[in-house]
Structures are given as structure tokens and as C-alpha cells.
Amino acid sequence: MTAGGVRTGVATPVAPAPARRRTFLTFAPPQIGQAEIDAVVDTLKSAWITTGPKTRTFEREFAAFVGAPGALALNSCTAGLHTALATLGIGPGDEVITTPMTFCASVNVIEHVGARPVLVDVEPDTLNIDPRQIAAAVTPRTRAILPVHYAGHPVDLDGVEAVAQAHGLTVVEDAAHAIPARYKGRFIGSGPNPVAFSFYATKNLTTGEGGMLTGAPELLDKARVLSLHGMSHDGWNRYSAEGSWFYEVVAPGFKYNMTDIQAAIGIHQLRKLPRFQARRREIARRYNDAFSRCEQLQIPAERPEVEHAWHLYVVRLHLDRLTIDRAQFIDELRGRNIGTSVHFVPIHLHPYYRDKYGFKPADFPVAYREYQRIVSLPLYPRMSDADVTDVIDAVTAVVTRHRR
Ligand SMILES: Cc1ncc(COP(=O)(O)O)c(C=O)c1O
């Protein structure tokens, strides 16, 4: 031992090297099987690779799975949210109430249509938007509420709908995390509200990139036109044997269509979804069992009236019972070869929104406080039982080593 370059002769105990997995456990890789690979190859070898018969099949099967009145396949959840707001005619001068505890896409789309995002704080147990605070934020300019089913735990939809009905507002649901999730027995996406799902690479069902908008058929008919340049007929309708070359542009729409290559993957992912979900639930249960015994940790809520999609497993640190903060906790897990993430940096802390609307961190005290102690742990169907044990052992070792 040296102090200032001089040997002191005093032996300092060396902390034992942390137990470490041999390989890095990535946070959320997809589970793609031979069926998806074969379907993509089959599509590539076919005469039609963009929006066409496979996309229509995927829409039909997705709608049937969640019990939706209709479904429109798109190239992202962001596209679904944007198209929904545009179809509803929401624009400059309008306000849309949403949550700070979300990915930027939920709020960016409100900016895209020129409306004003109005943030309200979240409920402490689920980190979902708080219906009581929505009611207090409604103004004559409010047109819609955009709740996010955070981590896959459904929002208090009865509470949100009650406010919407009292003020004549539309509810546009961000269900990026919520396939499949149920509220009071019914799948998210089974009602008439516009509901946008994500098939991004890390999601419970992936098409690489992709999304689905479900909702009332009249709304989806308009959204379908807007999602493809505002053209009256899509490519399949124009180029197939029964099609005609003629189309008209009825609105300056977007380029948001899903390709048949993506749909080919989605069809097989959807068929595997019940199996994927059973595995997610099993892993969440193992985490809950282990972490509910650690007084430094708070496990995620699952209210009795919901079925959680378990897209994310967000554990919360009791920082007052630890000598390390969230950043050090994440570093320690990385040192043990466990990948993690944080969902999310609250919207009001991002420079664009902070500066444009003059937000202060404490404006949404629950979101701000909880943000500092949330960590998302790996949770995906291809995790082996040994992987799950490694995460449990690593988390338990870190909190035990640094308990106060
Ligand atoms: C809550 C939430 N909303 C929307 C999105 C956007 O989804 P996409 O990447 O499919 O546009 C995400 C993506 O991760 C998300 O987490």
C-alpha cells in the first residue's frame, strides 16, 4: 500500500471482486425465429414487397387478436399517434394533455400537428398519468388526452374516460408498451379510441420498425388515406391485376405505410405472442419474488383490475437505504455484465420542452422524484433461467454491498 508514494505498511482490506457473468446480458434483444426468416425470404422472392396482401393479413389478425374494431398497419407507433391526431383535425390553437413519463414520441407528435402539449403528473404506483390532474388541466382549448400505458401497465382508463366524456375530448392511447395488456378484462386496443402500438426492435412484438393504429373504422379509413400521401388508392390497389392506375390526392398526407416485409415478420410474431407473454410473466414473477425481499428495492405495481404486458420491468431504488445513487447502481450492474436502461428522462427535463414551455424539474414532482430512482432490468422471452438468476444475483449483490 502506498500513501503519497510512501509505503505505509498498513494492510487495507481489498473488496472481493464482484461475481460477474461471462458474457454481457444485453437489455432487450428481439426473438426472431426461423418462421419469421422464412416469411421474409418468401416475401422478398415474391412479386410484391411493400404494402400489400401480407400487410392486410397482419392487420386482420392483429385486430382479431385484441378484438379491435379495425387496424391500420404503419411504419411506427409515432406514425400511428401522428396520423391519429391529424385525422382528428387537431392543430394550432389546440391543447393535448399528456404525461411527462414517456418517450419523446408521445409529445413530439403533438408538436408535429402544431398543438400545445399540456403535461400533468403521474400516479406514484404505476407512473401512469393521473386522471384527477387531467381534470384540473382541461381548458376550452383542450381537444384530446394522450395517455401512455407506461411499461405495459394499463392507465386508469375509467378515470381518463370520465374526464374525456365530461369535456367532450377524444382519448388517443399510446400503447407502445401495451401489447398485450388488459384493463378490466378487455385488451388495450379493443375499443373505439385510436390506440397506437409499436413494433420497434425492443418491443414485445417486433417487425424491426413498425406500428399499428386500432380504432373505429371511420377514423381508420381517413387515417389510412392520410398515412399514404393522402392518395385515394394505395400501390397494391393500383398495380395488382384488379387495380387501376388512377388515384387522386385528397389531403397532403404522410409516408407512413408498413411494408409486406415487415408484416411477414409481424404475422409470425403475433402467433408467438401468447408464448412470449407467458415467459415475460414468469420472469417478472421471479423478479418480484426475489426483489420484494430486498428492503432497498420497490417492485413494480400491478393493480388488480389489469393484466400487465410486462414490456418493461422497472424496479425502484430506495435511495435513502443505499450509499450509491442510480448511476452507480447501473455502473455496478454493467461491471457485472448486466445491461439495463432508464425509462424515461421525463419530458419536461429535455432542453426543447424545458426551454419552450419554461418547465422546472419540480413542476411534476412525482415524475421528477421517481425518475431519479428507476431502473429497467432485462426482461425478454429469450432470457434463460440462468440469465434471470444472474440478474437477480447481481442486483441483490449490489444492493447488499451498498446498503446503508
Ligand atoms: C411510450 C412510447 N411511445 C411511443 C414510442 C414510439 O414508438 P415507435 O418507435 O414505434 O415510433 C415509444 C418507443 O419506444 C415509446 O416507448
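Here is a short chat about reading a few features of this predicted model.

Student: Let's start with two helices. How do H1 and H9 pack, and at what angle?

Tutor: Angles over 145 degrees count as roughly antiparallel. Helix H1 (residues 34-45) and helix H9 (residues 260-291) pack at about 155°, with their axes 8 Å apart, which makes H1 roughly antiparallel to H9. The crossing of H1 past H9 is right-handed.

Student: Which residues in H1 and H9 meet?

Tutor: From H1 come Ala35, Glu36, Ala39, Val40, Thr43 and Leu44, and they meet Asp260, Ile261, Ala264, Ile265, His268, Gln269 and Lys272 of H9. That contact divides into seven nonpolar, three polar and three charged residues.

Student: Now, which residues of helix H10 are buried, and where do they fall around its axis?

Tutor: The general idea first: an α-helix has 3.6 residues a turn, so residues three or four places apart point the same way. In H10 (residues 326-335), the buried ones are Arg326, Phe329, Ile330, Glu332 and Leu333. Looking down the axis of H10, they fall within an arc of 160°, so they line one face of the helix. Their cover includes strand E15 (313-317), helix H12 (365-371), strand E16 (374-377) and helix H13 (385-401).

Student: Is Asn337 buried or exposed?

Tutor: Asn337 counts as buried, at 8% relative accessibility.

Key: Residues numbered from 1 in each chain as written. Predicted model: local features only at pLDDT ≥ 70, side-chain atom pairs only at ≥ 80, totals over all residues. Heavy atoms only, no water. Axes fitted to C-alpha atoms, helices over the stretch in contact; angles between N-to-C directions. Helix = DSSP H or I, 4+ residues; strand = E, 2+ residues; numbered from the N terminus. Parallel < 35°, antiparallel > 145°, perpendicular 65-115°, else oblique. Left-handed = near helix turned anticlockwise from the far one by under 90°. Contact = heavy atoms within 4.5 Å. Nonpolar A, V, L, I, M, F, W, Y, C, P; charged D, E, K, R; others polar. Buried < 20%, exposed > 50% of the residue type's maximum accessible area, 1.4 Å probe, protein only. Arc of directions from axis to C-beta.
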